Amino acid sequence: MKTPLDHIDQIAACARREAGPEVDVSAAVMQELRHKMFAQDRPLILFTAGSMITAAGAMAYSLIIIHALSNPLNVLFELTPLLGQ
Amino acid sequence: MFAYALHWMECSDMNAMMARDNESVRPATPVFCVEDQRDIAGSLQGDGEAYARLVRRYQGEIARQMGRFTRDRAVLEELVQEVFVEAYMSLPGYKQKAPFLHWLRRIATRTGYRHWKKTARQWKENVELSDTLADPKVYSEPSEAAEYLYGLLEQLNPADRLVLTLLYFEECDTYEIAERMGWSRTLVKVRAFRARNHLRNLLEQAGFRKEAV
């Protein structure tokens, strides 16, 4: 005479022979990983982009200032003829 | 007297399970696949194709295992995908102390358990078994037997269900369950004992007759 659990053991032995479903998730996994990697790197990408924009702005501003500055020797050359007199 | 006999039977059931565990031989040196080692090294260096090869090599095994956690094809594919994504993220922590498949199985078991815990809101304790579940037949078709067993174990709480799923479907011993879940062996033994008792009670309450089988 079998107990309920003996019977379940018997069913389990049969259930173990069930073949697994066929799946192909490799493409989906790689796509999700690429997405995750991009999401993981996003703060760094944003920081780098922000730094580049700031650096470009600073460079442009300094070029404008350099061009706007007059040559300090000009004053000397302006005075030189007076000294010669 | 009857209670004492029942207690003795339960203890002998547990002792048999423990004896089976002690008999099980743990592999002293795990067997490693050279291709796996090469692909793991490649994946760690950012070679996507190497990891895709690993996924293609083991997706069948993992799908088979995840089939114990859900019968829904779409959910199963999602779970298999989740296992491989998690495995990739944890790959730097893989110390190669066990074969890659064992390590993947551990991640898969935890992923499946997490899925059950998420959906556990639908689970209610002491629910009555449906007529189909209360009347187990002798199954000759593995898919029918698996369907029946899945439905039956679905009536248990996630922890009990996990222990019995691994015992019945995967034929794991308590050592392996403890290793996969990070639980102590004593905890696994106690949970297995309680879960089997719970299952027996469910079946007996549903009118399971010994003569019927």
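I started with Y61(A), which counts as exposed because its relative accessibility is 56% (exposed is over 50%, buried under 20%, partly exposed in between, with a 1.4 Å probe and protein chains only). Housekeeping: this is a predicted model, where local features need pLDDT of at least 70, side-chain atom pairs count only at pLDDT 80 or more, and totals for chains, interfaces and linings use all residues. Residues are numbered from 1 along each chain as its sequence is written, chains are lettered from A and ligands numbered from 1 in the order written, and side-chain values use heavy atoms, leaving out hydrogens and water.

Next I checked where Y61(A) sits: in helix α2 of chain A, residues 26–68 (helices are DSSP runs of H or I, at least four residues, numbered from the N terminus).

Then I moved to the interface. I noted 44 residues of chain B in contact with 29 of chain A (contact is heavy atoms within 4.5 Å). About 3,400 Å² is buried between the two chains, and carbon and sulfur atoms give 71% of that (buried area is the accessible area, 1.4 Å probe, that two parts lose on being put together, summed over both).

I looked up salt bridges last (a side-chain nitrogen of Lys or Arg within 4 Å of a carboxyl oxygen of Asp or Glu). The rule finds four across this interface. I wrote down R196(B) with D9(A), at 3.8 Å, N to O. On the chain B side, α3, α4, α7, α8 and α10 each supply at least two residues that touch chain A. The largest share, nine residues, comes from α4(B).
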